[in-house]
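Visitor: I've got a structure to go through with you. Can we keep it quick?
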Amino acid sequence: MALASLARRKGYLLSRNLSNSPADALKYSFSLSNFSRGFASGSDENDVVVIGGGPGGYVAAIKAAQLGLKTTCIEKRGTLGGTCLNVGCIPSKALLHSSHMYHEAKHSFASHGVKVSSVEVDLPAMLAQKDKAVSNLTRGIEGLFKKNKVNYVKGYGKFISPSEVSVDTIEGGNTVVKGKNIIIATGSDVKSLPGITIDEKRIVSSTGALALTEVPKKLIVIGAGYIGLEMGSVWGRLGSEVTVVEFAPDIVPTMDAEVRRQFQRSLEKQKMKFMLKTKVVGVDTTGNGVKLTVEPAAGGEQTTLEADVVLVSAGRVPFTAGLGLDKIGVETDKGGRILVNERFATNVPGVFAIGDVIPGPMLAHKAEEDGVACVEFIAGKHGHVDYDKVPGVVYTHPEVASVGKTEEQVKALGIEYRVGKFPFLANSRAKAIDDAEGIVKILADKESDKILGVHIMAPNAGELIHEAVLAINYDASSEDIARVCHAHPTMSEALKEAAMATYDKPIHV
């Protein structure tokens with residue numbers, strides 16, 4: 001039986017569904033047979049206009065076209081894929097992989113019987129490989145636009161009315177794009193810190209950190225979140241002395257505390273240094289390098305840190321500057337995020353918003369789900385995104401991936417629960433490949449055994465987590481996972497054993 005059919009029969013509720021009242025039907029339904037898949041000129045009225053060509057925007061545009069809606073996507077960068085593809089997820093993962101290969105060749109090959117006389121970093125070649133991956137993928141999205149007949153306008157769009165967007169094109173002209181429904185999908189930008197000017201040379205954002213022309217001897221990372229730790233890992237593997245300065249008392253504060261502690265110990269073994277509960281109070285760039293003045297977060301004696309490069313990685317903020325939201329009256333919250341209802345509609349009829357510009361996790365895959373659901377609502381269908389079931393991954397080595405609630409969140413809710421754990425040191429595949437650092441941790445309701453959260457620290461944890469994502473989405477129990485046959489030997493067996501430990505007892509530990 002298809003999963004969707006099973007879900008309907010078992011009465012699963014889609015978190016963003018509304019009842020189909022006559023008013024809803026009148027407001028949101030369309031006669032799809034009337035829509036053309038042809039390209040739209042600037043003066044033609046589109047059924048859907050998407051401002052932003054990132055993961056949320058381009059996916060929304062393609063989905064809209066697939067549903068028969070005449071669609072135009074506006075992107076200021078001139079290449080599709082947004083921050084994620086151009087200067088975020090994709091290039092960072094390329095460098096993480098390349099730097100890991102170098103680190104393995106230098107430190108691990110010999111123990112596997114592979115002797116290499118000398119290993120050195122060819123940074124230009126490494127950066128070229130990263131750029132090639134980005135270029136191929138951006139061109140691929142343009143190909144998908146052509147395939148699905150999405151009109152693509154390159155330029156900076158801003159509202160002149162709730163149904164019109166003025167676009168200053170990259171070529172230097174201007175055109176007005178009209179749409180019955182306009183989706184804001186402009187993503188997010190680097191969060192700046194008071195008194196620190198990012199020049200993308202000595203003081204860099206994640207964008208500049210992806211394009212350094214030489215390996216810095218000393219790198220200071222301000223912020224111990226996903227991006228800071230990933231980029232710190234890249235340059236640390238290539239030879240940088242990396243120090244992470246974090247205002248909070250913990251790294252990655254959204255992570256399960258037990259897993260976080262193991263993760264930090266792993267990074268420290270890789271020679272990454274941490275200064276927690278520490279704030280930056282001064283920056284001096286008058287010399288060749290950078291001098292940071294820091295002090296305890298609670299106040300106290302100041303010290304000076306020196307570095308060749310400083311990476312500012314203190315988070316991201318919604319990118320809505322220059323869109324003309326105030327002109328058409330779109331409401332935002334104190335953090336600048338656009339307020340939307342369960343259908344992604346703003347307070348202005350016909351204007352929608354998705355992805356990083358609205359509340360919720362600032363993740364590319366979350367934005368993609370937003371885009372599909374938003375367009376489905378516009379087309380009179382049902383969309384579905386449950387932000388409590390969105391996985392998160394830190395792509396260091398080992399990786400850390402999670403879905404659902406942490407143990408701290410479960411305790412705060414007053415839920416009685418059980419915990420099952422399994423170390424990769426007891427996993428045969430991990431031992432066979434000599435990469436056995438990590439753990440699987442499962443939280444389940446004590447009475448029903450329903451899985452509440454899963455946390456994995458391991459090589460390829462980002463791939464392993466999706467069995468847990470599917471299980472949580474269908475309200476599976478830990479016993480459900482434990483009784484599913486897993487291939488041997490695989491890393492996935494650690495998840496099965498952790499599930500066995502949750503409701504009963506594991507076999508191999």
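Visitor: How many positive and negative side chains does the protein chain have?
Guide: The protein chain has 58 positive and 58 negative side chains. Their two centres lie 2 Å apart. Lys and Arg count as positive, Asp and Glu as negative; His and the chain ends are not counted. Each charge is placed at NZ of Lys, CZ of Arg, CG of Asp or CD of Glu.

Visitor: What sort of model is this, and how are residues numbered?
Guide: The model is predicted: local features need pLDDT of at least 70, side-chain atom pairs count only at pLDDT 80 or more, and totals for chains, interfaces and linings use all residues. Residues are numbered from 1 along each chain as its sequence is written, and side-chain values use heavy atoms, with hydrogens and water left out.

Visitor: Which domains is the chain divided into?
Guide: Domain 1 covers 46–190 + 318–379, domain 2 covers 203–314, and domain 3 covers 398–503. The bounds come from an automatic or database domain assignment.

Visitor: How far apart are domain 1 and domain 3?
Guide: Their C-alpha centres lie 31 Å apart.

Visitor: How many helices and strands?
Guide: The protein chain has 16 helices and 21 strands. These are DSSP runs, numbered from the N terminus: helices are H or I with at least four residues, strands are E with at least two.

Visitor: And why call the chain as compact as a globular protein of that length?
Guide: The radius of gyration is 24 Å, close to the 23 Å from the globule rule for 509 residues, so the chain is as compact as a globular protein of that length. The radius is taken over C-alpha atoms, and the rule is 2.2 Å times the number of residues to the power 0.38. Along the principal axes, the C-alpha atoms fill a box of roughly 65 × 65 × 50 Å.

Visitor: What share of the residues is buried?
Guide: Buried residues make up 48% of the 509. Buried means under 20% relative accessible area, exposed over 50%, partly exposed in between (1.4 Å probe, protein chains only).

Visitor: Let's zoom in. Where is Ile220?
Guide: Ile220 lies in strand 8, residues 218–222.

Visitor: Is Ile220 buried or exposed?
Guide: Ile220 counts as buried because its relative accessibility is 3%.

Visitor: What does Ile220 touch?
Guide: Not counting residues up to four places away in sequence, its contacts include Thr243, Val245, Leu292 and Val309. Contact means heavy atoms within 4.5 Å. Ile220 and Val309 are 89 residues apart along the chain, with C-alpha atoms separated by 6.6 Å.

Visitor: New topic: backbone. Which peptide bonds are cis?
Guide: A cis bond joins His397 and Pro398, with omega about 0°. Pro398 is in the loop between strand 17 (392–394) and strand 18 (399–404). The bond from His488 to Pro489 is also cis, with omega near -5°. Pro489 sits in the loop between helix 15 (478–482) and helix 16 (493–503).

Visitor: What about phi at Lys149 and Lys271?
Guide: Neither is a glycine, yet phi is positive: about 60° at Lys149 and about 75° at Lys271. Lys149 is in the loop between helix 6 (123–148) and strand 3 (151–161). Lys271 is in the loop between helix 9 (257–269) and strand 10 (273–275).

Visitor: Are those two buried or exposed?
Guide: Lys149 counts as partly exposed at 38% relative accessibility. Lys271 counts as exposed at 69%.
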